[in-house]
Amino acid sequence: MEATVTVEAHDADSSIAYVRARLRGPDGFARNLSLTARNKLEYEFVASVHLEETLPPGTYWIDQVSLADTVGNAVVFDEAALNSDRFGYREIQLYDGPDTEAPRIEALTISPSTVDTSSGPATVTMTIHATDPLSGVESIGGGFDMPNVNGNYGFAMPRVGGGARDGEWRIEIQLPQHAAPGKWQLDNLHLWDNAGNPLHFYDPPELESLPFPQNFIQTGPGDTTPPNIVGLSIDEEVLSGQPVVYFNVHVTDDLVGVEMGNCLWLEVHSVADPGFGFVVTSPVQVSGNSLDVILRAGRFFPDGAPTGAYVVDSIEACDLTWNIAKLSGAALDAKGWDLTFQNPG
């Protein structure tokens with residue numbers, strides 16, 4: 001079996017002299033790996049390792065990474081440091097196959113079953129005990145139906161205990177003060193093992209076959225009113241010879257505050273070619289606070305974008321309880337804002 005180890009590293013003041021990693025496994029197995037630069041621009045270092053068929057089945061993992069630069073500065077990341085959220089998947093599962101069986105859910109808990117966010121935020125924790133005796137569980141994810149919107153609170157669960165073959169996965173759902181009141185219902189759940197075998201529950205009726213809790217209830221009064229989109233201005237400039245457009249969107253909210261990192265969307269289209277359009281998102285806060293904020297989102301024109309005039313078709317924003325405001329069509333036109341901008345080519 002061949003596996004690849006990749007480390008992304010960067011030194012602002014000098015070049016990296018070496019990157020090394022240690023692979024551990026059952027029965028005290030250890031192998032030191034020397035990584036070589038794949039792409040100096042991206043600071044990516046890689047090594048391949050061959051795991052012989054004679055090795056015992058089990059989990060093999062990177063438990064140490066060491067780096068040094070050309071002026072002698074060195075750093076070692078031990079297993080405790082590598083277990084932080086900064087680092088990704090570090091395990092290899094060696095097993096006697098073939099593995100044709102999907103993972104199993106041994107237990108699922110949601111705690112607490114009721115919360116009241118009227119006086120402050122709350123955390124709901126869902127924990128899954130899952131097993132897969134051969135290749136091990138690779139990932140667990142799913143989503144909750146939220147009570148206030150026709151939408152889904154998606155999640156991916158990190159493993160917090162045990163191993164891939166018999167472990168515990170957990171997600172903490174952070175509810176803000178005045179979160180949406182009502183039932184938060186688990187509506188899909190998906191498990192995969194390292195051999196690609198899936199265990200899927202696509203909707204609540206399928207989940208009903210599981211003898212585990214599948215919802216929690218926010219009992220306090222909550223924010224069910226979307227924010228208000230109250231202003232728009234558009235800036236255009238050229239950076240490194242490429243035209244870029246910026247959208248400054250003024251959003252207010254009366255209770256929980258505007259979600260400022262991931263929930264601003266603008267759809268635009270070309271006047272010359274109405275079938276050509278694109279989405280602008282990923283804003284940054286430029287002024288104000290969560291109750292009254294100006295968010296700025298921009299992007300370069302896509303390759304092949306027609307030159308000439310463009311028009312904003314819609315704007316969406318949401319608050320911290322995921323109430324969504326959308327302006328489009330006649331409602332957007334009635335604002336009287338200048339919705340046009342140019343691609344000079």
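Predicted model: local features only at pLDDT ≥ 70, side-chain atom pairs only at ≥ 80, totals over all residues.
A pocket, as the word is used here, is an open set of grid points with protein on both sides within 12 Å along at least five of seven lines.

**The whole chain**

The C-alpha trace spans about 75 × 55 × 40 Å along its principal axes. The protein contains 3 helices and 26 strands. Of its 345 residues, 43% count as buried. Among contacts between residues at least 6 apart in sequence, 67% join residues at least 24 apart.

**The largest pocket**

Select Asn83, Gly88, Tyr89, Pro158 and Arg159, which lie nearest the centre of the largest pocket among the 26 residues of its lining. The elements that give two or more residues to this lining are strand 5 (58–69), helix 1 (79–82), strand 11 (137–145), strand 12 (152–157) and strand 13 (159–162). The volume of the largest pocket is about 720 Å³. Coloured by class, its lining shows 12 nonpolar, 8 polar and 6 charged residues.

**The second largest pocket**

Next, select Thr6, Val7, Glu8, Val65 and Phe87; of the 28 residues that line the second largest pocket, these lie nearest its centre. Two or more lining residues come from each of strand 1 (2–8), strand 2 (16–24), strand 5, strand 6 (74–77) and strand 7 (91–94). Strand 1 gives the most, with 6 residues. The space in the second largest pocket is about 610 Å³, and its lining has 17 nonpolar, 5 polar and 6 charged residues.

**Strand 5 and its partners**

Strand 5 contributes to the lining of the largest pocket and to that of the second largest pocket. Select it now. Of its 12 residues, 9 are buried.

Which strands pair with strand 5? Strand 6 pairs with strand 5 in the antiparallel sense over 4 bridges, and Ala68 has Ala74 of strand 6 as its bridge partner. Strand 5 and strand 6 form a hairpin with 4 residues between them, and Gly72 in the turn has a positive phi of about 100°.

Within strand 5, centre the view on Ser66. Is Ser66 buried or exposed? Ser66 counts as buried because its relative accessibility is 13%, and buried means under 20%. Not counting residues up to four places away in sequence, Ser66 touches Tyr18, Val19, Arg20, Val75 and Val76.

In soluble globular proteins, nonpolar side chains tend to be buried together. To look inside this model, select Ile105, Leu108, Met126, Ile140, Phe144 and Leu189, the residues that touch the most other members of the largest nonpolar core, which has 32 residues. At least two residues of this core come from each of strand 8 (104–111), strand 10 (122–131), strand 11, strand 12, strand 14 (166–175) and strand 15 (182–193). The largest share, 5 residues, belongs to strand 10.

Now centre on Ile140. Its contacts, leaving aside neighbours within four places in sequence, are Ile128, Ala130, Ala156, Met157, Trp169, Leu189, His190 and Leu191. Apart from this core lies another, of 29 residues, including Leu232, Val245, Leu295 and Ala305.

**Backbone details**

Most residues other than glycine have a negative phi, and most peptide bonds are trans. The last selections show exceptions.

- Gly97 and Pro98 are joined by a cis peptide bond with omega of about 5°; Pro98 lies in the loop between strand 7 and strand 8.
- The peptide bond from Ser111 to Pro112 is cis, with omega near -5°; Pro112 belongs to the loop between strand 8 and strand 9 (114–115).
- Ser240, in the loop between strand 18 (228–239) and strand 19 (242–252), has a positive phi near 50°. Ser240 is exposed, with a relative accessible area of 79%.
- Trp322 occupies the loop between strand 24 (308–318) and strand 25 (324–328), and its phi is positive, about 65°. Trp322 is partly exposed, at 24% relative accessible area.

Conventions: Residues numbered from 1 in each chain as written. Heavy atoms only, no water. 1 Å grid on protein atoms, 1.4 Å probe; cavity = no way out; pocket = protein on both sides within 12 Å on 5 of 7 lines; lining within 4 Å. Points joined across faces, edges and corners; volume = space filled by probe spheres on them. Nonpolar A, V, L, I, M, F, W, Y, C, P; charged D, E, K, R; others polar. Core = buried A, V, L, I, M, F, W, Y, C linked by side-chain atoms within 4.5 Å. Buried < 20%, exposed > 50% of the residue type's maximum accessible area, 1.4 Å probe, protein only. Contact = heavy atoms within 4.5 Å. Pairing = 2+ DSSP bridges.
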